[in-house]
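I opened my notebook to go through this structure step by step. These entries keep the order in which I looked things up.

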Amino acid sequence: MQAWRVHTPGEPREVMRLEEVPEPVPGEGEVRLKVLAANVNFPDALLARGQYQIRPPLPFTPGVEICGETEDGRRVIANPSLPHGGFAEYVTAPARALLPAPESLDDAEAAALHIGYQTGWFGLHRRARLQAGETLLVHAAAGGVGSAAVQLGKAAGATVIGVVGGKAKVRTAEELGCDLVIDRTSEEAGGIAARVKEFTGGHGADVVYDPVGGDAYTASAKCVAFEGRIVVVGFASGTIPAPALNHALVKNYAVLGLHWGLYAAKDPASIAACHTELTRLAAEGAITPLVSERVPLAGAADAVQRLADGATTGRLVVVPALNGGGSR
């Protein structure tokens with residue numbers, strides 16, 4: 001079969017190689033799946049660079065979430081067992097962790113439902129306890145992780161402010177349903193916080209969803225509301241902020257960390273319950289993964305690099321059955 005493999009750490013476009021390799025053999029408690037679609041995630045770039053918290057043995061295949069087909073023909077969502085990741089024609093995955101792919105979503109949409117939406121749901125509901133009528137501020141609102149949080153926030157009855165970078169992403173965030181969109185590239189220093197305060201009548205954001213870190217976190221701390229909650233999801237900017245705890249004390253807000261992967265070890269039943277809720281929301285049309293491109297297997301390395309460079313909107317999904325361009 002064909003699979004992308006990383007032999008040495010580095011930038012994805014430089015170190016990912018498309019090779020002919022043997023099909024993976026399932027271990028104990030695993031099943032083999034045909035890859036129908038593999039969503040591109042920021043951890044794939046970190047894996048290629050050797051910067052992710054999990055470092056599989058070299059060589060390995062990136063790709064941390066897929067929609068796949070079992071040998072008896074069922075469509076499922078799975079996290080492949082590294083080092084045999086999803087940018088390949090076949091993977092292995094733990095049988096106990098398979099989730100049914102929602103009938104309301106196609107293969108590419110189903111592949112993009114899992115990590116981003118589970119992270120958003122746990123961040124907004126389990127950690128921040130978002131309530132209807134509250135104001136939610138989402139950084140990188142037009143990206144894969146941010147767009148999921150926007151949709152989930154709207155589904156929860158929140159007023160959603162989205163922060164994006166560039167005019168094209170402004171349009172995307174507006175189409176997602178953001179009540180206010182702020183283009184950080186056109187704002188002066190301190191502009192994001194000022195816009196949030198102005199829009200909320202001085203109240204600020206009750207919940208902030210931050211997968212960016214760096215300057216995004218700094219802006220968040222300036223405009224978070226009394227008893228507000230900042231959910232730290234990741235550091236796509238490459239800069240890990242150092243929160244001033246005296247500031248959190250004086251303004252009376254909380255900084256909440258979210259490591260979604262821990263729920264698989266600490267509370268696996270909660271992941272299945274969340275998937276049931278996401279499936280319901282998808283069936284009702286309240287959430288639909290924003291798939292901006294479907295690319296063939298040959299385009300996987302380029303897709304991962306573009307995501308790493310911050311040059312994408314929504315989700316890029318690798319579909320092995322595609323030939324040629326295949327994007328839309």
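Which residue of β12 stands opposite Y209? I found that Y209 stands opposite V231 in β12. Before going on, I noted that this is a predicted model, in which local features need pLDDT of at least 70 and side-chain atom pairs count only at pLDDT 80 or more, while totals for chains, interfaces and linings use all residues. I also noted that residues are numbered from 1 along each chain as its sequence is written, and that side-chain values use heavy atoms, with hydrogens and water left out.

Entry on the sheet. I looked up the two strands and saw that β11 (residues 205-210) and β12 (residues 224-232) run parallel and are joined by five bridges; strands are DSSP runs of E with at least two residues, helices are runs of H or I with at least four, and both are numbered from the N terminus. Two strands pair if DSSP finds at least two bridges between them. The strands belong to an open sheet of six, in the order β10-β9-β8-β11-β12-β13, with parallel pairing. At its edges I found β10 and β13 (254-257), each of which pairs on one side only. Neighbouring strands of this sheet are turned by 20° against each other on average, direction ignored.

Entry on the helices against the sheet. I took contact as heavy atoms within 4.5 Å, and axes as lines fitted to C-alpha atoms, for helices over the stretch in contact, with angles from 0 to 180 degrees between N-to-C directions. Helix α5 lies across β8 (135-139), β9 and β11, and runs at about 170° to β8. Helix α6 packs on the sheet too, where α6 touches β9 and β10, and its direction makes about 165° with that of β10.

Entry on α6. For burial I used relative accessible area, with buried under 20%, exposed over 50% and partly exposed in between (1.4 Å probe, protein chains only). The buried residues of α6 (residues 167-176) are K169, V170, T172, A173 and L176. Because they cover an arc of only 165° around the axis, they lie on the same side of α6; the arc is that of the directions from the helix axis to the C-beta atoms. K167 and E175 are exposed on the other side of α6. Among the elements that cover the buried residues are α5 (144-155), β9 (159-164) and β10 (180-183). Just after α6, I noted that G177 takes a positive phi of about 110°.

Entry on cysteines. How many disulfides are there, if a disulfide is a pair of cysteine sulfur atoms within 2.5 Å? I counted zero. The sulfur of C178 is too far for a bond, because the closest cysteine sulfur, in C223, is 14 Å away. C178 counts as buried, at 10% relative accessibility.

Entry on aromatic rings. Rings of Phe, Tyr and Trp (its six-membered ring) pair if their centres lie within 6.5 Å, with planes under 30 degrees apart called stacked, over 60 edge-to-face and the rest tilted. The count comes to two aromatic pairs. W121 and F122 are edge-to-face, because their ring centres are 5.5 Å apart and their planes stand at 80°. F122 and Y263 form a tilted pair, at 4.2 Å centre to centre and 35° between the planes. This pair links distant parts of the chain, with F122 in helix α4 (residues 114-127) and Y263 in helix α10 (residues 261-266), 141 residues apart. Both F122 and Y263 are buried, and W121, F122 and Y263 form one aromatic cluster.

Key: A disulfide is a pair of cysteine sulfur atoms within 2.5 Å.
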